Amino acid sequence: MGRYRIKGGYPLRGTMTVRGSKNGILPILASVMLTEGETILHHCPLIADVHLTLEVLEQLGCKIKKEGRSIIIDTKGCKNADINETVQKMRSSILFMGALLGRFQQAKIGYPGGCEIGMRPIDLHLKAFRNMGVVIEEEKGLLCCDGTKCIGKKINLDFPSVGATENCMLLAVKAKGITKIYNAACEPEIVELQTFLNQCGAKIRGAGTDCIIIEGVKVLYGTEYTVSSDRIEAGTFLCGAAITKGELELKNICPDTMRQVLLRLGEAGCLIKEQKNSIYIKAPQKIKPVSRIHTGPYPDFPTDMQPQFMSILTLAEGTSIISETVFEARFKHISELCRMGADITVEGQTAVIKGVKSLKGAYVSGKDLRCGAALILAGLAAEGETVVENACYVQRGYEQIEKVLTSLGAKISLE
Ligand code: EPZ
């Protein structure tokens, strides 16, 4: 499982180039199944979830070549196959349901595993697919889908689910007729998926708004595409500068995708300077409390930044409040932060964080990807040594975080 060992008290200083977006590339990799020929992706993050998704594509008969941060995928020999084991390991592989139906009109896929942040049901995906004429039967935990009668329809999502929006796009892009997705998710990753698919010959418009219109086409072709930067990795490092009283310049990141995070970092007393494709941050000597943050669908404060931001607020000069409205179990970092001396109480989906003078190093457990990241940030600021268990979760979404942090002045190693 691996663990990070951190010696606190060293400010982060310097420049880092933000890597490719995990939540941007994963739906793109699934959507490559819809294309004929070769696709070349650049600026790919070399993280566990990408490696796992490439394994799925190979199981489905695609030829994969990796050249540094570029990945070449040839779908010529691809075939429908059983990918259930991987679906259990990684939630985002549910997107292969839409991709396999879009290419083969058939899909047999297992229920994706829940994880530490919640049940993660897929009822919205299934309801939308059935509405479009996909026949879905459950056999021994497998979802057997027949999409031969799939046709474009009006889809109303009960919640602007990112995954359900992406899956509907993948199902609709080669379906007969026109599909309209109402109450669609507006995340930048949805816009990125539209951009990629349109470059392959799709006819999609409206991504970034709550209504996406897709006109089915017969064929999609491989293309060459550069994945955008990871706004959550960027936010995590900005929080690292804030909590260690440091100063960072992030390159290759568009501030427009991080409005809420930058606003809150400013409220916390950080100096932020934006350029078109970079962000500079200088931390205050003392973090200011932030009155009320509630996570929500984009453009609200991103749930994927909630644990990391809470780490900063544990050292604020006052009391802050964070409400988590997206996932029902995304407070697993709180008990671990309290073991480090934080003063946090939880009432339902709301956490009250009373700032303390300092955190103490401790042996803590990273229970999911962003929980682990939050604990690493806390360890960077804590007195003494902190060990963060379950490095494997962090490695799902951050590429060699210990090396990047070390290059910025942190004392951290991976064991
Ligand atoms: C995506 O997950 C991201 N993952 C998550 O990032 C992110 O936190 C989430 O969107 C919200 O922004 C990827 O893109 C790979 P949802 P997804 O469907 O698609 C409920 C990270 O840390 N829901 O928008 O699974 C669900 O339970 C990860 O990088 C249903 O009830 O998120 C949750 O409460 C974590 N039924 C809410 O909607 C459904 O059918 C939002 O889920 C689908 C979702």
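**Cavity and aromatic contacts**

The largest cavity holds about 30 Å³ of space. This is a predicted model, in which local features need pLDDT of at least 70, side-chain atom pairs count only at pLDDT 80 or more, and totals for chains, interfaces and linings use all residues. Residues are numbered from 1 along each chain as its sequence is written, and side-chain values use heavy atoms, with hydrogens and water left out.

Searching the whole structure turns up 1 cavity of 30 Å³ or more (a set of points on a 1 Å grid over the protein atoms alone where a 1.4 Å probe fits but cannot get out; the volume is the space filled by probe spheres set on the points). Its lining is made up of S21, K22, N23, E189, D230, I232 and R370, with an atom of each within 4 Å of a point. By class, that lining splits into 1 nonpolar, 2 polar and 4 charged residues.

As for rings, the whole structure has 2 aromatic pairs (ring centres within 6.5 Å; planes over 60 degrees apart count as edge-to-face).

Finally, K411 sits over the face of Y10, 4.9 Å from the ring centre (NZ of Lys within 6 Å of the ring centre and within 35 degrees of the ring normal).

Technical notes
1 Å grid on protein atoms, 1.4 Å probe; cavity = no way out; pocket = protein on both sides within 12 Å on 5 of 7 lines; lining within 4 Å. Nonpolar A, V, L, I, M, F, W, Y, C, P; charged D, E, K, R; others polar. Phe/Tyr/Trp six-rings, centres within 6.5 Å; stacked < 30°, edge-to-face > 60°.
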